[in-house]
Protein chains: 2
Amino acid sequence: VSAIDELTAEFAKLPGIGRKTATRLTYHLLKQPRATVVQLARAVQGVADRVGSCSACGNYSESDPCVLCLDPKRDPRVLCVVEEAFDIEAIEQTGEFRGLYHVLGGHLSPLDGIGPDELRIGALTERLNNGTRVEEVIVATNPSMEGEVTATYLRGVLAPVGVRITRIALGLPVGGDLGYADKVTIAQALSARREMSA
Amino acid sequence: VSAIDELTAEFAKLPGIGRKTATRLTYHLLKQPRATVVQLARAVQGVADRVGSCSACGNYSESDPCVLCLDPKRDPRVLCVVEEAFDIEAIEQTGEFRGLYHVLGGHLSPLDGIGPDELRIGALTERLNNGTRVEEVIVATNPSMEGEVTATYLRGVLAPVGVRITRIALGLPVGGDLGYADKVTIAQALSARREMSA
């Protein structure tokens, strides 16, 4: 196989990248200076070589514990539970959350053989029981069927721990268009309506 | 900089990939087995290390001349002139062309300082004059303003060579919708209309 075909095939394995886009990316790189291409190769290799995961929160990290878990400025009283490490990235970008995280590694999905033991739920209860100062657990699993099921399951498991358990709000996305929203979202936005202050 | 941020930044440099997609790609790789990630790194490095260009046609190649130029089954009497090596890939996929190629390396664009000397036009006339058996030159530059200007310029330059010069057909794209086509394309499709055989 030629180097061009090989790279195109590798690019096409990435999510959301079809054969046409993969080819375009390969040819784009061919037009770049060699150093640019080598830099990308090294960055990919770097992820393979340097990134592991934090044994406390489950986030990807180059150190264990990770930078977030070690940060003394983070509030250890609030723990945000997410499905994937990717979600942490998204929440961090809002700058609105200063607590710690816990990555489940997915959601409950019995049909795919993903039960509680396949997720980092045991690690979560352990973390809450072992003398940490967590007062509130924010369940930030996805607003999907599986995310809701997982959230409900977590509420049951965490109830005996005696911490406050909250769920992120579901409703119309900011900047969205009510007319184009799906009916489940609209129903949710209606039932979760809040009093407007004068 | 962390390995994750580094790779995200490199991905974001690729065309059509914004910060959000770059992050998604990085986290996708983080979830893959190490071998998969290393394979992508090697494929990128392979393009940097192994690919050069064909001195005859200007296509990217791991040998010089390239496989296409060396292929005895290709018809050396027809030469297809394209702007970019990427275009060869697209034409080859049709399986409709069995001649040889010539890559210009872009199109005329005086505002960007791209004149005839910046393109492989001299190499083209040289190729046609030096005892090759080319009988027809198909000008397959893009159906854009710049592609048309380049095509017209080539016609002028190639006229003295005494070969047949043709231009790929412009018209409605197959599978397209006349009602949604732009007026320039429709006008072109009308003026280039052909007799229907009974």
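The largest pocket of this predicted model holds about 960 Å³ of space. A pocket is here an open set of points, on a 1 Å grid over the protein atoms alone, with protein on both sides within 12 Å along at least five of seven lines, where a 1.4 Å probe fits; the volume is the space filled by probe spheres set on the points, which are joined across faces, edges and corners. The pocket is lined by 26 residues, of which P143(A), I168(A), A169(A), L170(A) and G171(A) are the closest to its centre; lining residues have an atom within 4 Å of a point. Helix 5 (85–92) and helix 8 (183–191) of chain A each give two or more residues to this lining, and helix 8 of chain A supplies the largest share, 4 residues. Helices are DSSP runs (H or I, at least four residues) numbered from the N terminus. By class, the lining has 16 nonpolar, 5 polar and 5 charged residues, with Ala, Val, Leu, Ile, Met, Phe, Trp, Tyr, Cys and Pro counted as nonpolar, Asp, Glu, Lys and Arg as charged, and the others, Gly among them, as polar.

The axes of helix 5 of chain A and helix 2 (residues 19–31) of chain B are 10 Å apart, at an angle of about 150°. The two helices are therefore roughly antiparallel (an angle over 145 degrees). Axes are lines fitted to C-alpha atoms over the stretch in contact, and angles run from 0 to 180 degrees between N-to-C directions.

Residues are numbered from 1 along each chain as its sequence is written, and chains are lettered from A and ligands numbered from 1 in the order in which they are written. Local features need pLDDT of at least 70 and side-chain atom pairs count only at pLDDT 80 or more, while totals for chains, interfaces and linings use all residues; side-chain values use heavy atoms, with hydrogens and water left out.

Conventions:
Angles under 35 degrees count as roughly parallel, over 145 as roughly antiparallel, 65 to 115 as roughly perpendicular and the rest as oblique.
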